[in-house]
Amino acid sequence: MSPNVEIVRVFPAGPWHPLKGKSPAACRLVSAEPVTHHPGMTKYLISFPSEAMALTDEQLAAASVDSHAVIEEAKAAGVYVFGGGINEPIAPVLVSADGTVSGQIYPGSRLNGGFAVLELPSREEAVKWAAKLARACRCSQELREFMYDPAS
């Protein structure tokens, strides 16, 4: 990494934040390495729709612990890119090229549930990670491959 480059991640100081009440400078964490594309690796989307997780509260709590453990494993393996769950109570909007915002989205367009983006050397490896997440989440996962983009 170039000595002139500083990657900074700023965390909002919400009521839960361990640095609440500290100066803004205390909320800056500097990463040693930028996230980059690795040659020979492909990004995969592993996801599930909300309705696939028909779990009791107890099962949901266990699935949360188990799925976070798989994500930590992916981070430790250096394959984790990004992940999360769609905030479904917040309605999606359609934004046009001129910045106009509409509450109507494309017909048939529906995105909910959770997902992870992993960067892996093969589809076979992607299937293995999807299976780990399926076990942890207690539901089957959809696997999609991103097209290669040299700029991403």
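In what sense do S3 and S8 pair, and over how many bridges? The pairing of these two strands is antiparallel and runs over 4 bridges, with strands taken as DSSP runs of E of at least two residues, helices as runs of H or I of at least four, both numbered from the N terminus. Within this pair, Tyr44 has Glu145 of S8 as its bridge partner. The model is a predicted one, in which local features need pLDDT of at least 70 and side-chain atom pairs count only at pLDDT 80 or more, while totals for chains, interfaces and linings use all residues. Residues are numbered from 1 along each chain as its sequence is written, and side-chain values use heavy atoms, leaving out hydrogens and water.

Now for the sheet. It is open, has 4 strands in the order S4-S7-S3-S8, and pairs antiparallel (two strands pair if DSSP finds at least two bridges between them). S4 and S8 (142–145) sit at the edges, each pairing on one side only. From one strand to the next, the twist averages 15°. H2 packs on this sheet and touches S3, S7 and S8, contact meaning heavy atoms within 4.5 Å. The direction of H2 makes about 25° with that of S3.

H2 also packs with H1, at an angle of about 155° and with the axes 7 Å apart; axes are lines fitted to C-alpha atoms, for helices over the stretch in contact, and angles run from 0 to 180 degrees between N-to-C directions. That makes H1 roughly antiparallel to H2, a label for angles over 145 degrees. Among the residues that meet here are Val70 and Ile71 from H1, and Trp129 and Leu133 from H2.

As for the second largest pocket, its lining has 19 residues, with Phe48, Ser67, Gly84, Gly114 and Cys137 nearest the centre. A pocket here is an open set of points on a 1 Å grid over the protein atoms alone, where a 1.4 Å probe fits, with protein on both sides within 12 Å along at least five of seven lines; lining residues have an atom within 4 Å of a point. H1 gives the most to this lining, with 6 residues.

Conventions. Angles under 35 degrees count as roughly parallel, over 145 as roughly antiparallel, 65 to 115 as roughly perpendicular and the rest as oblique.
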